[in-house]
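I opened a new structure today and kept notes as I went. Each entry records what I looked up.

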Amino acid sequence: MLKVTLISPSQFSGYPQPPVGLALIAAVLDRGGYQVSILDANAMNLYPQDVASLVTDADVIGLTAMTPTIGAAMSIARHIKQTKPELTIILGGAHGTLLPDETLAASPEIDIVVRGEGEETIIELLRALEDKRSLGDIKGISYRTDGKVTSNAARDASVDMDSLPYPAYHLLPWRRYKPHPPHGQALPFAAVVTSRGCPYRCAYCSKPIFGSKFRAQSPERVGEEIAYLKERIGIKEVAFYDDVFTLDKKRAHAIAEAVIRKGIKIFWTCEARVNLVDKDLLRHMKQAGCYAI
């Protein structure tokens, strides 16, 4: 089977954050039987030109990028192709999802862009590459055919959140992650995403990956993952990076209750809207370890 190295590009912010999406893709690939590694250039403070020499045993490179890091991602792709032109380079993330044509035009070294949620797409894509089959039937990708960009039909946002594996934190340099203010009560620190989608239309926000339909893991599944991170990895603080953690207040109460019931002593933060909290919920969340929103 193909060997895959996933890379998160540097942004040199001083507060390296765990690439949760990349770690989840790694877990999906591992469950699918692929040999996978993660190179977090951001946490390791690596420049694009430093990355290529560290890619020593891979058939496929998976890059992720938001707009602030797309330049670094393109530079990494260029350096890798210069030394290992036979490797297939795949890009996922918000920037490529929003601008697949422009991304492929600007970076000839990137072979394929995965748009939107990538868990199902990446498995189908790797199987097609292994079998040297046409990519025409794989939803959610953009690529070049005869020098022109082809964008296949979009993939429905239908991933069962509870079916997803825990992100592969064990493949990350997790002791290097530093929570940015106002986070930061304890280390080691981890980030978790327990839901996808947001129905609101805030002018400053872009929702290219997960869309408007809210989908969430069960409270029990969330409690189990937090317990796993604390017991197996040693995590002492968690940031929930859900777009709106309290969109479903009943679910937020149930998550707080699951943390309390399981006896998980952990600091945590989340993101919410002012109109989606009340005093009872805030008290309950605080009892479960939440200290900032």
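**Entry 1: a pair across two strands.** I began with Phe189, which stands opposite Glu237 in β11. The model I am reading is a predicted one. I then checked the strands behind this pair. β8 and β11, the latter covering residues 237-240, run parallel to each other and share four bridges. I reminded myself that strands of a sheet pair through backbone hydrogen bonds, either parallel or antiparallel.

**Entry 2: the sheet around that pair.** Next I looked up the strand order. The order is β8-β11-β12-β13, in an open sheet of four strands with parallel pairing. Which strands are at the edges? I found β8 and β13 (290-292) there, each pairing on one side only. From one strand to the next, the twist averages 30 degrees.

**Entry 3: strand β1.** I moved to β1, residues 3-8, and asked whether it is enclosed or open. Five of its six residues are buried, so β1 is largely enclosed by the rest of the structure. For its pairing I noted β2, residues 35-40, which joins β1 in the parallel sense over six bridges.

**Entry 4: two helices.** I turned to α1 (residues 20-31) and α6 (residues 119-131). They pack at an angle of about 50 degrees, and their axes are 10 Å apart. The crossing of α1 past α6 is right-handed. Which residues make the contact? From α1 I listed Leu24, Ile25, Val28 and Leu29; from α6, Glu119, Ile122, Ile123 and Leu126. By class, I noted seven nonpolar residues, no polar ones and one charged one in this contact.

**Entry 5: Leu164.** I found Leu164 in the loop between β7 (148-151) and β8 (189-192). Is Leu164 buried or exposed? Its relative accessibility is 7%, under the 20% cut-off, so Leu164 counts as buried. I then looked up its contacts, leaving aside neighbours within four places in sequence. They are Leu24, Arg31, Glu119, Val159, Arg196 and Arg221. Two of these names were already in my notes: Leu24 and Glu119 also belong to the contact between α1 and α6. I also checked Leu164 against Leu54. The two are 110 residues apart in sequence, and their C-alpha atoms are 29 Å apart in space.

**Entry 6: cis peptide bonds.** I went through the backbone next. Most residues other than glycine have a negative phi, and most peptide bonds are trans. The bond from Pro181 to Pro182 is cis, with omega near 10 degrees. The bond from Leu187 to Pro188 is also cis, with omega near 0 degrees. Pro182 has its place in the loop between β7 and β8, and Pro188 is found in that loop too.

**Entry 7: positive phi.** Asn45 has a phi near 55 degrees, a positive value in a residue that is not glycine. I located Asn45 in the loop between β2 and α2 (48-51). With 48% relative accessibility, Asn45 counts as partly exposed. Lys132 also has a positive phi, near 55 degrees. This residue sits in the loop between α6 and β6 (141-145). Lys132 is exposed, at a relative accessible area of 75%.

Methods: Residues are numbered from 1 along each chain as its sequence is written. This is a predicted model: local features need pLDDT of at least 70, side-chain atom pairs count only at pLDDT 80 or more; totals for chains, interfaces and linings use all residues. Side-chain values use heavy atoms; hydrogens and water are left out. Buried means under 20% relative accessible area, exposed over 50%, partly exposed in between (1.4 Å probe, protein chains only). Contact means heavy atoms within 4.5 Å. Two strands pair if DSSP finds at least two bridges between them. Axes are lines fitted to C-alpha atoms, for helices over the stretch in contact, and angles run from 0 to 180 degrees between N-to-C directions. A crossing is left-handed if the near helix is turned anticlockwise from the far one by less than a right angle, and right-handed if clockwise. Ala, Val, Leu, Ile, Met, Phe, Trp, Tyr, Cys and Pro count as nonpolar, Asp, Glu, Lys and Arg as charged, and the others, Gly among them, as polar.
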